[in-house]
Amino acid sequence: MILKIFPSNKKLKFIHGLLLITVSLIFLPFIIEESFGRSWLRIFDYTLIYVLLALGLNIVVGFAGLLDLGYIAFFAVGAYSWAILASPQFDIHLSFLIILPISFLTAGFFGVLLGAPTLRLRGDYLAIVTLGFGEIIRIFLNNLDHPVNVTNGPVGINMIDPVMIGAFSFNNKIEIFGIQLTNLHFYYYLLVICVILVIIICQRLENSSIGRAWVAIREDEVAAEAMGINTRNVKLLAFAMGASFGGVSGAIFSSFQGFVSPESFILIESIMVLCMVVLGGMGHIYGVVLGAFILVILPEIIRSAAAPVQESIFGFVLIDPESLRMILFGLALILVMLYRPKGLWNK
Amino acid sequence: MDIFFQQVINGLVIGSVYALVALGYTMVYGILGIINFAHGEVVMIGAMVALSIILFLFQFDIPIFLSIALVFIGAIIFCSLLAFCIEKIAYKPLRNAPRLAPLITAIGVSILLQNIAMLIWGRQYYSFPQIFNNDTYQIFGIANITTIQIIIILISLVTMFLLFYFINKTQYGMAMRATSEDKNAAKLMGIEINNVISITFIVGASLAAVAGILIAANYGIAHYSMGFMLGLKAFTAAVLGGIGNIVGAVIGGLLLGLIESLGAGYIEKLTFGFMGSNYQDVIAFLVLVLVLVIKPNGLVGEKSSTKV
Amino acid sequence: MSKNILKIKNLSIMFGGIVALDDVNMVTKKGTIHGLIGPNGAGKTTLFNIMTGIYKPTSGNIYLNEKEITGFTPNKIANLGIARTFQNIRLFNSMSVLENVLVGMHNSMNVNIIDIILKTRNFKKEEKLKKERAERLLEYTGLVKYTNNRASSLPYGYQRRLEIARALATSPSLLVIDEPAAGMNQKETSDLKDFLDKINSDGTSILIIEHDVKLIMNLCSFVTVLDFGKIICEGVPEMVKKNKNVIEAYLGA
């Protein structure tokens, strides 16, 4: 009886840990802002958006083993869904509670549309087809400004509505106890909540019959089918779910940035997200989160340090920051694959 | 009908170039089972190196044919060395790694090459010098063809013929075919796999160099980002014909060129003005999706008797 | 009079120009262990592959419990009651022994995606039931001590057992096994025979491809012999063993 009154040691530790993490997460944006400046809080927010993308792609590539090189297309679909439904483009201004599900479903729909005819293709073929699809979406987004102006072409759509809760807009600035809260903070909290939700969903999927079916298909599709798994539907589910998460991420991105253009959805972005998944160890949820952090923050550090460091060593800038960033990124990809082909953090 | 034959000519020209590049992709895939993402950049390097050689040789008074020969030879040697190094450094260590690893590495190499090229040659669009007079000829009064286009088709044909001869009639070619059928069996037969693989990359790079020069000559432009789309489409062509299949690569390349050219010519009419030639790049991918859905192993298929 | 669990009627399949199976007629009686033997290349595995939906026959029909299953997809056939093992073991190598068996139970799970995402009581109940059933199956097949080990780490003989356990997890009425004794020594083969006898007496019909003549003689009540895609002999083991055509086929007289 006494055992029932006092929680066990393990449970206590768990609750302590949870409290610690929660408190840290609540105060984190302020710590970042104080220590590194507002621009790094913005970068952190973008990182969280990429984390969502990486988690989504992880379902497709990591869990189910389907090679998708055009994932950014779903991000684009979600982003433009928001941009079209909450901006001056058509003068529609729907609430985020409506648009988020719409982005989710629209992106999922495109996932099914792409997946249905192509998922039976062999791995490398699937890769090139999905890559093609990503490019097709980008080209359409770039050109759908005539005959009917849907996407506003290469210029993109701007003045996109931020998230609004009632009359309160995320773009408002408020002050509590002398601390300024801006849209960077509000989006931070929204994104952290989304990331946590997505992680929980992914974990639950992983430890279910669907998760096992995905791994089975990834390992040996013939054997999986012989065990009664409807591989076509199960693969389609992975594809659609990944797409849907990408769509939601895109919608939040759209409202956060305030404008979208096809430039944000080029092939290198799909590749970047894929690298986050591979780097983190495919299928490994926390590894993928880490992968996203590394691949967003490290290049930003390089970009901000490139010029000053070169100035102090050479007296002038030898290689411009953007090129240096890309060159180091290329090198990093090669080196990591040579030395840790299973990802930085493998099981 | 008025533009039909013209677009056919244009399509065959660009298709020949696609075929040359597609061959590189397909040979590497046939032997190693990997997509050499960096191949498109090797094409670009071929064009840029050729450009530099031409600009260098302009300073001297050299007979035209010698210049052309030097340009081709120079570009081919440079690209071959480059591909050789890439294979040894980035791909060889990963021969037994999980499938995705060489793909990511290839992407890394591709990014590296593109950015280094940008650093060396800058971001500007260079005009590829005309080495000889580019006349236009009329064919039966229904289409035009320029000197450059004739040269492209001729050089492509010669190159492909040389390749087929090499693959089918020489020891090395046979070793390549054996290796792509069954690496382990080839090893057991005493074939030195590493050499075969290196040769495959060198041959592919040589084709790429030639293709780079031809396409730069065709459009008159060389630019550090010219390899990307071309590589993508050439790979699409290789898959179209059946990846790993040499004949497939040629057929895929020519076919893709034709479809793209005809498509670009007629797309406005076909879509009632909704889509114009700015959607041209979409055609390649749409064709690919359609073909793969109907014939999942490509048009000619993967395991054919003339496969490498 | 026992029903036929499997009936194959006039089954033929061609690959390109090669006739791999030529007008095959075969019947497996319910509750029996039926052996399928023949020299290499006779078409035995091809027959299995058609039976389990991996290939579609060029002509002919297949009936499971008197119902037609010709041309059905592999997963549909598995759900109708045929489970199989493969000639070259095809386990899910990165998964544990328990997880491999759980995959076999995929379709008996009564959960949908909402259950999973919301981790409902139904989901938790189902997972618990399935894990318990899987553990019982591991006990039944003698694999308990490997429960949480990676499938690829098992000794060879136990990998074969796991494949069979996984197939049993689908609750089949017919178990189709392809060369289970390959690479086994005498003791292992004897254990395998006892194991298969146990499964059979507990209600599962078995159709087995094997090269180990002794195992076939001891295990099967009926044997079909295939050579060059045609059935050349059928009957009880003792009779088949002495048949002139069978001896010729194997020795190539």
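Here is what to select and what you'll find there, keeping in mind that the model is predicted.

**Stop one: the chains.** Colour by chain and look at who touches whom.

**Stop two: where C meets A.** Select chains A and C. Here 27 residues of chain C are in contact with 21 residues of chain A. On the chain C side, look for α2 (74–80), α3 (97–104) and α4 (113–118), each of which supplies at least two residues. That side of chain C is made up of 13 nonpolar, 9 polar and 5 charged residues.

**Stop three: a helix in chain B.** Now pick residues 280–294 of chain B, which form helix α11. From first C-alpha to last, its 15 residues reach 22 Å, close to the 21 Å expected. Which of its residues are buried? Among them are V282(B), F285(B), L288(B) and L292(B). The cover over the buried residues of α11(B) includes α9 (226–241) and α10 (246–270) of chain B, along with α5 (96–118) and α6 (123–143) of chain A.

**Last stop: confidence.** Colour chain B by pLDDT. Its mean is 86, and 96% of its residues reach 70 or more. Then select residues 303–308 of chain B, where the pLDDT is below 50.

Methods:
Residues numbered from 1 in each chain as written. Chains lettered and ligands numbered in written order. Predicted model: local features only at pLDDT ≥ 70, side-chain atom pairs only at ≥ 80, totals over all residues. Contact = placed C-beta atoms within 7 Å. Helix = DSSP H or I, 4+ residues; strand = E, 2+ residues; numbered from the N terminus. Nonpolar A, V, L, I, M, F, W, Y, C, P; charged D, E, K, R; others polar. Expected span 1.5 Å × (residues − 1). Buried ≥ 20, exposed ≤ 12 C-beta atoms within 10 Å, placed from the backbone. pLDDT = per-residue confidence, 0-100.
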